[in-house]
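Subject: Structure handover and notes

Dear colleague,

I am passing on the structure that I have been working through, and my notes follow it. Please read them with the model open beside you.

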Amino acid sequence: MRVADRSTARNYLTYLNKAKNDYAKTNERVASGVRFKDISEDVSAGSRVIRTKTDLYKAQKQLDNVKGVNEEMTTTENAMTDISDILTEIHNVKVTAAKSENAGASGRSVIAGEIKSLQQEILQFANTQYGKKYVFGGTNSYTAPFTQDKDTGKLLYNGVDVDSIQKDDAGYFYEVTDPDTGDKVRKEIPMDGDVYMDVGLGIKMSGPNVDPDTGFLISFSGLDFLGFGTDADGLSNNIFNILNEVRESIGTYDAEKLDAADDKLSKLTDGFRTHLTDIGARTGFLSTIEGRLSDTVDSYSRRISDLIGVNDAEEATNQSMNDYVLKAVLQMGSRILPVSLMDFLG
């Protein structure tokens, strides 16, 4: 009889421990919302979770890259829009007023001063930064790419006179070392390289360079937007420098010179706005990529949740059942075990 009591107690404790363990595990799953923590608990689902988490990490990394680039592109677009507005004001308001017969010498002097102030605003926007990066400075991340020569008043790009710069067929800028003779001895413009980023297009290399069809260009040379070199008539192809011509011809009121400079300004402004439209299209493209990557990240997150997440309704049922079983086992023990042992177990 003593052996039977010992066997009964041992079996009872086994059932009791199982009931307590099932009850605790169910409560843990309900509290954490996770069906399992160790891959050994569900090898098949655990393996898929690991693969999906790897894919999620890659997609999230690309999404973060695209968001950063998109913010930088938006900053670039906003700066260009501000410059475009200034150019519109100069052409439609300031130059028109200067050409009026009612302006007078004093009035034109005031207008020339206002244009000079607007030039400085353009210079500030041309040196716009996103974080510590100059958005129009190519690879220049240390100093303002655009400065004004103190003696000539001309615009400099990374220390080089923009009127002495030309562009080769491969799209690289170089300086004409002797503007008077037109000697085209190649001298690279400093800090004006291209920077590309992988935004999910599968970036590839073409020799030492990035294939531009697979990488997204995130650096911009302000020379493309504001212009460089001179035309056949010797007029600057740069917006800032041609504004010098506009301002000076207003001050001296050289009508012929003003008309020529104003016409050139209009052409340069049209080119500038073409680039602005291109930036807008690129920003729209990035927004599309960002939306697609956001959907991909959400999809991977849902898949992981489905693989390791609990079924709330099922776990609620299990919780109620395990609670009932535990209470039933405890009640059964009060009948088959001595009171002193039940007090100990309680």
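Of the 346 residues in the protein, 35% are buried, where buried means under 20% relative accessible area, exposed means over 50%, and partly exposed lies in between, with a 1.4 Å probe and protein chains only. Please keep in mind that this is a predicted model, in which local features need pLDDT of at least 70 and side-chain atom pairs count only at pLDDT 80 or more, while totals for chains, interfaces and linings use all residues. Residues are numbered from 1 along each chain as its sequence is written, and side-chain values use heavy atoms, with hydrogens and water left out.

The secondary structure comes to eight helices and eleven strands; helices (H or I, at least four residues) and strands (E, at least two) are DSSP runs, numbered from the N terminus. Among the contacts in the protein with a separation of 6 or more, 64% are accounted for by residues 24 or more positions apart, a contact being heavy atoms within 4.5 Å.

Helix packing comes next. Two packed helices are described by the angle between their axes and the distance between the axes. Here the axes are lines fitted to C-alpha atoms, for helices over the stretch in contact, and angles run from 0 to 180 degrees between N-to-C directions.

Helix α2 (residues 43-99) and α6 pack with their axes 6 Å apart, at an angle of about 160 degrees, and the two are therefore roughly antiparallel to each other; angles under 35 degrees count as roughly parallel, over 145 as roughly antiparallel, 65 to 115 as roughly perpendicular and the rest as oblique. The residues of the contact of α2 with α6 divide into 26 nonpolar, 19 polar and twelve charged, where Ala, Val, Leu, Ile, Met, Phe, Trp, Tyr, Cys and Pro count as nonpolar, Asp, Glu, Lys and Arg as charged, and the others, Gly among them, as polar.

For α2 and α5, the axes are 11 Å apart and the packing angle is about 15 degrees, which makes α2 roughly parallel to α5. On the α2 side the contact is made by L87, I90, V95 and A98, and on the α5 side by I239, L243, V246 and I250; by class these are eight nonpolar residues, with no polar and no charged ones.

The axes of helix α5 (residues 239-252) and α6 come within 9 Å and cross at roughly 155 degrees, and α5 and α6 are therefore roughly antiparallel to each other. The residues in this contact include I239, I242, L243 and V246 of α5, and L265, L268 and F272 of α6, and by class the contact has ten nonpolar, one polar and five charged residues.

L265 is found in helix α6 (residues 255-308) and is buried, with a relative accessible area of 1%. Leaving aside its neighbours within four places in sequence, L265 is in contact with L87, I90, I239, I242, L243 and V246. The C-alpha atom of L265 is separated by 8.7 Å from that of N238, which is 27 residues away along the chain.

Turning to the strands, an open sheet of three strands has the order β3-β4-β5, with antiparallel pairing, and its edge strands are β3 (146-148) and β5 (160-161), each of which pairs on one side only. Two strands pair if DSSP finds at least two bridges between them; β3 and strand β4 (residues 155-157) pair in the antiparallel sense over three bridges, and the bridge partner of F146 in β4 is Y157.

Elsewhere, L217 is found in strand β11 (residues 216-217) and is partly exposed, with a relative accessible area of 21%. Not counting residues up to four places away in sequence, L217 touches D194, V195, Y196 and R282, and its C-alpha lies 5.9 Å from that of V195, 22 residues apart in sequence.

Finally, some backbone angles. Most residues other than glycine have a negative phi. N158, in the loop between β4 and β5, has a positive phi near 50 degrees and is buried at 11% relative accessible area. Y253, in the loop between α5 and α6, also has a positive phi, near 50 degrees, and counts as partly exposed at 35% relative accessibility.

Best wishes
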